[in-house]
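Hello,

Here is the structure you were waiting for. My notes on it follow below the display.

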Amino acid sequence: MNTVEIRNLTKTFKSVTALDNLSLDIKKGRITGLIGADGAGKTTLLRTIIGLLLPDSGTISTLGFNPVNQKDELTPHIGYMPQKFGLYEDLTVLENLTLYADLKNVSHTFDKMLEFTKLTPFQNRLAGALSGGMKQKLGLACTLLGSPEFLVLDEPSVGVDPISRRDLMAMVKNMISPETTVIWSTAYLDEAHSFDTAVVIDKGRIIYDGEPDKLGSTSQEFENRVIELMGGYNQTESLIAKNYDALEKHIELTVEADNLEKKYGNFYAVKNNTFKIRKGEIFGLLGPNGAGKSTSFKMMCGLAKPTSGTARIMGVDITKNPEKARANLGYMAQKFSLYGSLTVKENLEFFASVYGIGFRNRASRVEEIVDVFGLKDYADQKSEQLPLGLKQRLSMACALIHNPPVLFLDEPTSGVDVITRRDFWNHITSLAKKGVTILVTTHFMDEAEYCDRISLFYHGETIALGSPQDLKNKAGASTMEETFITLIKRSEEQ
């Protein structure tokens, strides 16, 4: 029996085809993973299934209802968690649960829910003060209230660490009835084996629909097969690295953190953070949500003032001479932080001026970077109109326009498709070979394997430091995901 039946569904937004003649059946009582990058069509498909968007053509049946003209009858049977779930950040955890229970007209017994989500100690904390992983757990808990017949989850695990992702899946599996149907969208291919059925979507079309093991028995095999279905990836020489002319400075230790601390009242966001990064090294900063990674990043860049300690970029103290230190640094923020109303070319011209490229050289440098990054066809397009992969490419282009010897990348591949991810890492590893020092954060554990060394961060402190293999040996694990989970849990026990 099917919960959802879709035939020849098409949905366009102006010149963009979000769903392209798509057909799909979602079986009752199963957890179906809808896997694809940002812009693949996941959110459009979910919103069309539950009647929040109207299709251009095609037919949909959801729980026997037509969502086009029976949305009011369908809605009471559905639990929907959008990407940005509407928690009330000035209400506590308990107050949010109570409010959503009242809205759904269900009883106020939250003890089991709070215990399972591990939110019992935080039930009186404001939702706005929770970590990213805790917010997602609370959002999912609110969605689960009332035992919906059909659970629709739009990227519930986006931006959260592997431990929180496993906790969210355990919540769903343990708190629904066997008759409940779940559709869970995600950009993480390594989540595929958590689902009964994996549906891979690319450019509005289904390219795989079946049991995950039949496509690949491990995460790496699964990823490789998905790349094949997307048309394959041929690694070529990185033009970005080939044309890169990093400043020739004979400094071996290019990035240093010296007892960095950041304190808010009695709370240490970062405590006694010390490490040294060598020229041409890829240094990974890993840790759960709320561990202090972003705070460390901001202090290292001079965007946040340390409570104590300091950092040095190419030997320049970031607290004593922030402008000179930042001149040696290219920074790519976690979220797209360029000017959406400016064109691609105008953004590059702006950052070229900010980074001190003289007026005479600016035009030629912008032209060169547009060519190297493959942005020529988009030069006059507003950056807010670009798909995510191109936004990320433009962000990296702006960070590299002044040829900095040090590059800071905060989750540079979040949300992009698997081929774009591989392409980014081709550029990153190639830049490192040319002597560029790279500090990177990521929630993709397979990406940690590209790092020369990793600092595993928890509760504001480094709990493990070494190569990926060193950390795997320490944890007695074969994968970086298992290593991450084992070392974090071991730290909690201590």
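Asp202 has Arg205 of β9 as its bridge partner. Strand β8, residues 197-202, and strand β9, residues 205-210, run antiparallel and are joined by 5 bridges. The hairpin they form has 2 residues between the strands, and Lys203 takes a positive phi there, near 55°. Please keep in mind that this is a predicted model, here and in everything below.

The sheet

An open sheet is built from 4 strands in the order β11-β10-β13-β14, and the pairing is antiparallel. The edges are held by β11 (267-278) and β14 (316-317); each has a single partner strand, so one side of each has no neighbour in the sheet.

Between β10 and β11 there are 8 bridges, again in the antiparallel sense. Leu260 stands opposite Asn273 of β11. These two strands also make a hairpin with 2 residues between them, and Gly265 in the turn has a positive phi of about 65°.

At the other end of the strand order, β13 (residues 308-313) pairs with β14 over 2 bridges, antiparallel. Here Ile313 has Val316 of β14 as its bridge partner. The loop between β13 and β14 contains Met314. Its phi is positive, about 55°, although Met314 is not a glycine. Met314 has 6% relative accessibility and therefore counts as buried, the cut-off being under 20%.

Helix α10 (residues 293-301) lies across β10 (253-264), β11 and β13, and runs at about 120° to β10.

In soluble globular proteins, nonpolar side chains tend to be buried together. The largest nonpolar core in this model has 53 residues, and Leu348, Phe373, Leu431 and Ile438 have the most contacts inside it. Helix α14 (residues 388-400) supplies the largest share of this core, 7 residues. A second, separate core has 43 residues, among them Leu153, Met169, Val418 and Ile419.

Leu348 is worth a look on screen. Leaving out residues up to four places away in sequence, Leu348 touches Val366, Ile369, Val370, Leu394, Ala397, Cys398 and Ile401.

A helix pair

Helix α12 (residues 344-354) packs against helix α13 (residues 359-372) at an angle of about 130°, and their axes are 10 Å apart. The two helices are therefore oblique to each other, and α12 passes α13 in a right-handed crossing. On the α12 side the contact is made by Lys345, Leu348, Glu349, Ala352 and Ser353; on the α13 side it is made by Arg362, Val366, Ile369 and Val370.

Thr48 is in helix α1 (residues 42-49). With a relative accessibility of 1%, Thr48 counts as buried. Apart from neighbours within four places in sequence, Thr48 is in contact with Leu9, Leu19, Leu53, Pro55, Ile60 and Pro67.

Asn8 is in strand β1 (residues 2-13). Most residues other than glycine have a negative phi. Asn8 has a positive one, near 50°, and is not a glycine. Asn8 is partly exposed, with a relative accessible area of 40%.

Regards

How values were computed: Residues numbered from 1 in each chain as written. Predicted model: local features only at pLDDT ≥ 70, side-chain atom pairs only at ≥ 80, totals over all residues. Heavy atoms only, no water. Core = buried A, V, L, I, M, F, W, Y, C linked by side-chain atoms within 4.5 Å. Buried < 20%, exposed > 50% of the residue type's maximum accessible area, 1.4 Å probe, protein only. Contact = heavy atoms within 4.5 Å. Pairing = 2+ DSSP bridges. Axes fitted to C-alpha atoms, helices over the stretch in contact; angles between N-to-C directions. Parallel < 35°, antiparallel > 145°, perpendicular 65-115°, else oblique. Left-handed = near helix turned anticlockwise from the far one by under 90°.
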